[in-house]
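Here is a short report on one protein chain. Start with the sequence and the model below.

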Amino acid sequence: MSKTPEAKLLVVDDEPNIRELLSTSLRFAGFEVVAAANGREALAAAEESQPDLAVLDVMLPDMDGFTVTRRLRATGKHFPVLFLTARDDTADKVTGLTVGGDDYVTKPFSLDEVVARIRAVLRRTQAQDFEDEALIRVDDLEMDDDAHEVRRNGELIDLSPTEFKLLRYLMLNPNRVLSKSQILDHVWEYDFNGDASIVESYISYLRRKIDSLPDVVPMIQTKRGVGYMLRTADKR
């Protein structure tokens with residue numbers, strides 16, 4: 001049985017290579033994808049497919065992405081929009097947000113970044129009940145969001161706010177490999193402008209606190225060249 005898609009995306013880009021690359025990569029990442037080559041196709045596809053999010057190129061042959069977004073909003077379609085553009089211009093970013101865009105990625109972009117941004121926007125704009133749970137458990141690891149406490153095998157573990165947030169992200173995604181870009185996006189929320197090695201450092205801190213206790217099996221695993229995951233006992 002095929003897995004239920006994470007969300008339905010509308011991908012709009014007039015360059016066939018980029019459109020195909022994005023569509024294929026996003027399907028591989030677990031999304032359902034509808035593609036369009038210009039603004040008119042995008043408006044028609046939005047009406048027919050009712051996407052959860054649009055990945056929209058700003059420079060289109062018939063109308064720009066800002067105009068497409070204005071028309072979408074004018075017809076009552078308020079799904080989030082992630083703009084793609086070759087121009088890294090502050091004025092463009094302001095315009096994009098003014099017309100109802102939700103985020104902005106400048107070409108050339110990494111596919112990993114686009115996927116991370118899409119998931120971040122969806123998190124911000126969709127209610128996810130499981131994220132509202134105060135108590136999260138993965139095997140013998142327990143997190144109490146309200147009390148801001150973590151216990152492993154019953155033992156209280158002292159974590160910094162950033163360590164807590166990183167562990168929470170791992171616990172909400174057990175047995176799923178999370179890339180450094182996804183982790184940076186979720187934990188640091190674009191505010192950290194340094195190297196992705198910050199993720200390695202914090203994963204190391206967490207391991208010392210979570211996986212080095214007596215009589216516990218290590219849970220945090222590294223998938224070299226891919227990312228990190230919290231593996232449950234039944235998947236070891």
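## The annotated aspartate

D57 is buried, with a relative accessible area of 2%. Buried means under 20% relative accessible area, exposed over 50%, and partly exposed in between (1.4 Å probe, protein chains only). D57 sits in strand β3, residues 53-57. Helices (H or I, at least four residues) and strands (E, at least two) are DSSP runs, numbered from the N terminus.

UniProt, in an unreviewed entry, places the feature "modified residue: 4-aspartylphosphate" at D57. UniProt positions follow the numbering used here, feature names are shortened, and annotations may be inferred rather than shown by experiment. Leaving aside neighbours within four places in sequence, D57 is in contact with V12, D13, D14, G65, L84, T85 and K107. Contact means heavy atoms within 4.5 Å.

## Source of the model

This is a predicted model: local features need pLDDT of at least 70, side-chain atom pairs count only at pLDDT 80 or more, and totals for chains, interfaces and linings use all residues. Residues are numbered from 1 along each chain as its sequence is written, and side-chain values use heavy atoms, with hydrogens and water left out.

## Next to D57 in the loop

V58 lies in the loop between β3 and α3 (65-74). V58 counts as buried, at 0% relative accessibility. V58 and L84 are 26 residues apart in sequence, yet 6.0 Å apart in space, C-alpha to C-alpha. L84 is also among the contacts of D57.

## The antiparallel sheet

Four strands form an open sheet, ordered β6-β7-β8-β9, with antiparallel pairing. Its edge strands are β6 (135-138) and β9 (155-157), and each pairs on one side only. Two strands pair if DSSP finds at least two bridges between them. From one strand to the next, the twist averages 25°.

β8 (residues 149-152) and β9 pair in the antiparallel sense over three bridges. R151 has L156, in β9, as its bridge partner. Helix α6 (residues 161-171) packs on the sheet and touches β6, β7 (141-144) and β8. The direction of α6 makes about 120° with that of β7. Axes are lines fitted to C-alpha atoms, for helices over the stretch in contact, and angles run from 0 to 180 degrees between N-to-C directions.

## A covered helix and the whole chain

Helix α7 (residues 180-188) is mostly covered, with seven of its nine residues buried. Those buried are Q182, I183, L184, D185, H186, V187 and W188.

The chain has eight helices and 11 strands. Of its 236 residues, 45% are buried. Among contacts between residues at least 6 apart in sequence, 58% join residues at least 24 apart.
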